[in-house]
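Hi there,

Here is the structure I promised to pass on to you. Have a look at it first, and my notes follow below.

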Amino acid sequence: MISTCSRIFAGSLLVVKPTHTTLVFSVARTLSPCLSASRFQVRAMADSATPFKKVQIQRDDTTFDAYVIGKDDAPGIVVLQEWWGVDFEIKNHAQKISQFDSGYKALIPDLYRGKVGLDVAEAQHLMDGLDWRGAVKDIQASVNWLKSNGSNKVGVTGYCMGGALAIASSVLVPGVDAVVAFYGVPSPELADPVNAKAPVQAHFGEDDGLVGFSDVKTGKALEEKLKASGVPNEVYFYPQTGHAFMNKSPEGVERRKKMGMPDVEDAAVEQAWTRFRSWMSRFLST
């Protein structure tokens, strides 16, 4: 694990001892001019006054919190966080998803166990410490929970870090019926998309500069691997659009501006949501 700022920011995509976070070290280097060398302060997530139900899910010898919203007997969708954690933006996405079409039951597993990064340095610290294989187990447990609680079919979606994990779930998690991933591809050490077993739709911005993780070249390579896998697949690229383009809440827009990321046309976001709805409806309708 890389632990110093200088090594995180040195050169282009770093070549280090292979880990599942290697491909995402470039996120902080690209999105922030510097990281504090001081000890990271990580905030615990506060339960917000939103219509989410907090549940506890068991897997192996551990229990984790998850946040559920939507119709009880509707198809389920596991919604995977960005590197920030379970913050306002991922809850915005889950709430929106739950209201699509005839309704879904959306579930957000808390992969960081209650921690949220409030700035780039904190988010990088949390993501660096993530047990990616453990996160896949959390996804498996979340899929199982939904199927045991009224959802006949279950999809997985995610954004940035969560997008990479969503694609990994198509390879590693039995019982996933459909995947939609936004701007994130897992390392082949974690999951090679050529071995995908569930239908995958993926979305990328043509101006995304996160080389090896969500840039156009990486998205094109994913597209070829999905074709080779034989599963139904769609991969889309949005012109004049960068990373994290789905974050259009007022708070999300403000955070993007602070990180030096340009605004995104609403048309691209709405087109992506329309494609999301069509994909999930196609594979999750009962």
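How many residues does helix H5 have, and how far does H5 reach from its first C-alpha to its last? Helix H5 covers residues 132–148, which makes 17 residues, and the reach is 24 Å, close to the 24 Å expected at 1.5 Å a residue. Please keep in mind that this is a predicted model.

H5 is mostly covered, with 12 of its 17 residues buried. Just past the helix, Gly150 has a positive phi of about 100°.

Helix H9

Which residues of H9 are buried? They are Ala268, Val269, Ala272, Trp273, Phe276, Trp279, Met280, Phe283 and Leu284. Looking down the axis of H9, you will find these buried residues within an arc of 130°, so they line one face of the helix.

What do the buried residues of H9 pack against? Their partners are helix H3 (88–98) and the strands E4 (76–80), E7 (154–159), E8 (178–182), E9 (200–205) and E10 (233–238).

Salt bridges

The structure holds 12 salt bridges, and a few deserve a look on your screen. Arg277 pairs with Asp101, and the closest N and O atoms are 3.0 Å apart. Arg277 sits in helix H9 and Asp101 in the loop between H3 and strand E5 (105–109), so this pair ties together parts that are 176 residues apart in sequence. Arg277 is partly exposed, at a relative accessible area of 33%, and Asp101 is partly exposed too, at 41%.

Asp87 and Arg255 form another salt bridge, with the closest N and O atoms 3.0 Å apart. This pair also links distant parts of the chain: Asp87 is in the loop between E4 and H3, while Arg255 is in helix H8 (residues 250–258), 168 residues away. Are these two residues buried or exposed? Both Asp87 and Arg255 are buried; for Arg255 the relative accessible area is 15%, under the 20% cut-off for a buried residue. Leaving aside neighbours within four places in sequence, Arg255 is in contact with Glu82, Trp84, Asp87, Phe88 and Glu89.

There is also a network of salt bridges that links Arg59, Asp60, Arg113, Lys137 and Asp138. Within it, Asp60 bridges to Arg59, with the closest N and O atoms 3.3 Å apart. Asp60 counts as exposed at 55% relative accessibility, whereas Arg59 is buried at 16%.

Two histidines

His243 lies in the loop between E10 and H8 and counts as buried, at 6% relative accessibility. The side chain of His243 makes a polar contact with the side chain of Ser214, at 3.2 Å. Not counting residues up to four places away in sequence, His243 touches Cys160, Tyr183, Asp208, Leu210, Phe213, Ser214, Arg256 and Met261.

His125 is found in helix H4 (residues 120–128) and is partly exposed, at 35% relative accessibility. The C-alpha atoms of His125 and Trp84 are separated by 9.9 Å, and the two residues are 41 places apart along the chain.

Confidence

The protein averages a pLDDT of 86, and 82% of the residues score at least 70. Over residues 32–41 the pLDDT stays under 50, and the model has 16 contacts for them beyond four places in sequence. Residues 43–47 are below 50 as well, with 14 contacts beyond near neighbours in sequence. Where pLDDT is low, the predicted coordinates should not be read in detail.

Best wishes

Conventions: Residues are numbered from 1 along each chain as its sequence is written. This is a predicted model: local features need pLDDT of at least 70, side-chain atom pairs count only at pLDDT 80 or more; totals for chains, interfaces and linings use all residues. Side-chain values use heavy atoms; hydrogens and water are left out. Buried means under 20% relative accessible area, exposed over 50%, partly exposed in between (1.4 Å probe, protein chains only). Helices (H or I, at least four residues) and strands (E, at least two) are DSSP runs, numbered from the N terminus. The arc is that of the directions from the helix axis to the C-beta atoms. Contact means heavy atoms within 4.5 Å. A salt bridge is a side-chain nitrogen of Lys or Arg within 4 Å of a carboxyl oxygen of Asp or Glu. The expected span of a helix is 1.5 Å times one less than its number of residues. pLDDT is the predictor's confidence in each residue, from 0 to 100. A polar contact is a pair of N or O atoms within 3.5 Å; within protein, one must be able to donate a hydrogen and the other to accept it, and residues adjacent in sequence count only if both atoms are side-chain atoms.
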